[in-house]
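Visitor: I am new to this structure. Please show me how to read its features one by one.

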Amino acid sequence: MPPIDLARLRARPTALAERFADPAVTAAAVRQLLDDYSDRSHRASPRVASRSLGYTFKVSPPVLRAIMQALREPAQANPATALDIADRLWKFGSREERRLASELLGLVAVPQAAQAEALIEAWAPHIESGETADSLAQFGLGPLMRADPARYLAEARRWVTFPHKWVRRFGLSALLPLVHEQKWDNVPGALIVVRLSMADADADVRRAAVTVLEALAAKSPAEIGLFLREQAGRTNSNTG
């Protein structure tokens, strides 16, 4: 990985913002910036990467932060263009690009709710890792979840029943933005979603359910204790 020259790093994302009106150029420039700051000692070859989703440039967090800082203001001023760029980045397929796509989407999700929801529905079946599932849930869906909890809790119930394991993981991770909201207290609503995942055959999905339960326990220990006792009783009845 090349050493990070902070002045140069700040200048390059600023140039990205100046090209924002052209989604194809902006998305390609983001990809080039990631490639320039990639850690080539731990990357798949370009030929392998071009055939696979979920590969990573192994860039350091300051690079991703600098890109988002530069794109934030033009994205909020031009939400339709932001969604176009986000979709292009998602389709490029690396984890960093999908993280940036999720963050861009989240910046404009509430004022562009229908369009943002359509992108989430299009992207979700192609999630390739737990990291991407969590990023899309936290950064992309999070603003929508906080704006309309009842609606997106219902969507989470649907997502956790998908055949694709990473969509099920996404459905569980979608609960965390709500759980971390201090004023939100619909723990029973979240437990309906978690209950659908308790017997999931996939270990990654079950671990995500545990993560949600741990977060919910901090909000309502009594309700989570009762839920776990009910689950233990159901397990004993099924194996007795």
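**Reading the fold and the rings**

Guide: Along the sequence, the chain follows the pattern α-α-α-α-α-α-α-α-α-α-α-α-α-α. This is a predicted model, in which local features need pLDDT of at least 70 and side-chain atom pairs count only at pLDDT 80 or more, while totals for chains, interfaces and linings use all residues. Residues are numbered from 1 along each chain as its sequence is written, and side-chain values use heavy atoms, with hydrogens and water left out.

Visitor: How many helices and strands does the secondary structure come to?

Guide: Helices (H or I, at least four residues) and strands (E, at least two) are DSSP runs, numbered from the N terminus. Here there are 14 helices and zero strands.

Visitor: What percentage of the residues of the chain count as buried?

Guide: Buried means under 20% relative accessible area, exposed over 50%, and partly exposed in between (1.4 Å probe, protein chains only). Of the 240 residues in the chain, 50% count as buried.

Visitor: How is a pair of aromatic rings described?

Guide: Such a pair is described by the distance of the centres and the angle of the planes. Rings of Phe, Tyr and Trp (its six-membered ring) pair if their centres lie within 6.5 Å; planes under 30 degrees apart count as stacked, over 60 as edge-to-face and the rest as tilted. By this rule the count is three aromatic pairs. In one of them, W90 and W123 have ring centres 4.6 Å apart and planes at 5°, so the pair is stacked. W90 belongs to helix 5 (residues 79-92) and W123 to helix 7 (residues 113-123), and the pair links distant parts of the chain, 33 residues apart. Both W90 and W123 are buried.

Visitor: Is the pair of W159 and F170 stacked or tilted?

Guide: The ring centres of W159 and F170 are 4.8 Å apart and the planes are at 55°, so this pair is tilted. W159 lies in helix 9 (residues 149-159) and F170 in helix 10 (residues 165-173), so the pair ties together parts 11 residues apart in sequence. Both W159 and F170 are buried.

Visitor: Which residue lies over the face of F92?

Guide: A charge sits over a ring if NZ of Lys or CZ of Arg is within 6 Å of the ring centre and within 35 degrees of the ring normal. R31 lies over the face of F92, at 4.7 Å from the ring centre. K165 lies over the face of W166, at 4.2 Å from the ring centre.
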